[in-house]
Amino acid sequence: MSDNAKIQDIIRDAATAPDPMEAPAYRWGILGAGGIARKLTDAVTDHTQSEVLAVASASSAANAQAFAQEKGIERAYGSYAELVADPDIGIVYVATTHSNHHEPALLAINAGKHVLVEKSFTQNLAQAKQVVEAARAKGVFVMEAMWTPHLPHMHVIRDLIKRGVIGDVVSLEADHGQKLTHVERMVRPELAGGALLDLGVYPVSFAHDILGVPDRVTARGRLRDTGVDGQVGMIFDYPNAQAVLATSMEAKSGNVAQIAGTEGCITIDGVFYSPTTYRVTLMDGTVIELDGTVDNGFQYEAAEVARCVAAGLTESPLHTLDQSLEIMTILDEIRAQIGLVYPNEK
Ligand SMILES: NC(=O)c1ccc[n+]([C@@H]2O[C@H](COP(=O)([O-])OP(=O)(O)OC[C@H]3O[C@@H](n4cnc5c(N)ncnc54)[C@H](OP(=O)(O)O)[C@@H]3O)[C@@H](O)[C@H]2O)c1
């Protein structure tokens, strides 16, 4: 059998993502009635056996009620404390701005809930450590809502790399640029806005997923007049590889990623961190097209939470709390190099 035929076999047999519809059913409660909360609600409702039972909005009970009515959710609360006290809720999803992930997460953990916390996990490493320590002390499940590692294409890509299809990885490139200069949570430093924590966390986490913790991080960035970062360029050095990453909140880019190895290359089409198409190119020029597109996509992380909780796990093996701490350490280092300090850290 030719090398290409063997590789085609490996690709056909590659690990696939577990079906979200087969994950156990739980009742979810959501803290923060905003944009991403709507997307996760649709994913849970339409693509899993779980349900969103309640939503809470700290800004106003009316906001929570409007969200609940729009999405057909039974219970609406005007405070996070009321929601985490609801005994019928098994899993809490923290869907607030970066500046306000750790307090609602701690509230839910202390109420004994299992928790999914939006990315970036927290504003900084110190807050992340508090959340992780509280979760471990309480013995509840906590995971950062970095949805990419759970998506079908990432299951295949990790497996192909493990099985040597592209040889030893020597370089990785990824960028995430969106034009979001008009979005309030992005421009305001007190909400820990800016490109890095909102958008840059994707290329950073992707490099970390494939190559692990870098030996050295080098970053250059440009701050905007409100004090948040508009753009950041990053290089991660590993013993035998390098990652070149970029993020911008000022311009929409291709949002593609590429992993090059000694025997071939994997190219992930934009938007690389969401369900998408991708391809393997071998040394002889053979191109194998692959398709990881699915509707929505957030159901994969939601199903992972449900499976782990049902199995009695307190962390996901696919995205552990130590990994979140490592990513927050990298983000803190990048911030230190580009001079990005949020007002409550001065
Ligand atoms: N995974 C993804 O693809 C993805 C995509 C977009 C965003 N996100 C992440 O999701 C999180 C929220 O993003 P989003 O787009 O959903 O944000 P959003 O709609 O602007 O706000 C979400 C919630 O945060 C609170 N909030 C917003 N502005 C606030 C302010 N000025 N002061 C105090 N609280 C405020 C509100 O909670 P209340 O309703 O309780 O008042 C709001 O409902 C962020 O961590 C972001 O990085 C993830």
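Trainee: Why is Arg222 called exposed?

Mentor: Arg222 has a relative accessible area of 54%. Under 20% is buried, over 50% is exposed and anything in between is partly exposed (1.4 Å probe, protein chains only). The value for Arg222 lies over 50%, so the label is exposed. Please keep in mind that this is a predicted model, where local features need pLDDT of at least 70, side-chain atom pairs count only at pLDDT 80 or more, and totals for chains, interfaces and linings use all residues. Residues are numbered from 1 along each chain as its sequence is written, and side-chain values use heavy atoms, leaving out hydrogens and water.

Trainee: What makes Arg222 and Glu250 a salt bridge?

Mentor: The rule asks for a side-chain nitrogen of Lys or Arg within 4 Å of a carboxyl oxygen of Asp or Glu. Strands are DSSP runs of E, at least two residues, and helices are runs of H or I, at least four, numbered from the N terminus.

Trainee: How many salt bridges does this rule count?

Mentor: The count comes to 24. Arg38, Asp42, Glu70 and Lys71, for instance, are linked in a network.

Trainee: Which salt bridges does Arg136 form with Asp322 and Glu315, and how do you know that they count?

Mentor: Asp322 and Arg136 have their closest N and O atoms 3.3 Å apart, while Arg136 and Glu315 meet at 2.9 Å, N to O. Both values are within the limit, so both pairs qualify. Arg136 in helix α6 and Glu315, in the loop between α10 (299-310) and α11 (321-338), are 179 residues apart. Asp322, in helix α11, is 186 residues from Arg136. Arg136 has 43% relative accessibility and Asp322 has 40%, so each counts as partly exposed.

Trainee: How do you know that domain 1 and domain 2 are in contact?

Mentor: The bounds come from an automatic or database domain assignment, which gives domain 1 (20-148) and domain 2 (149-295 + 318-345). Contact means heavy atoms within 4.5 Å, and 21 residues from domain 1 and 30 residues from domain 2 take part.

Trainee: What makes up the area buried between domain 1 and domain 2?

Mentor: Buried area is the accessible area (1.4 Å probe) that two parts lose on being put together, summed over both. Here the value is about 2500 Å², with carbon and sulfur atoms giving 61%. In domain 1, Gln123, Trp147 and Thr148 lose the most area to domain 2, together 29% of what that side buries. There are also two salt bridges between the domains.
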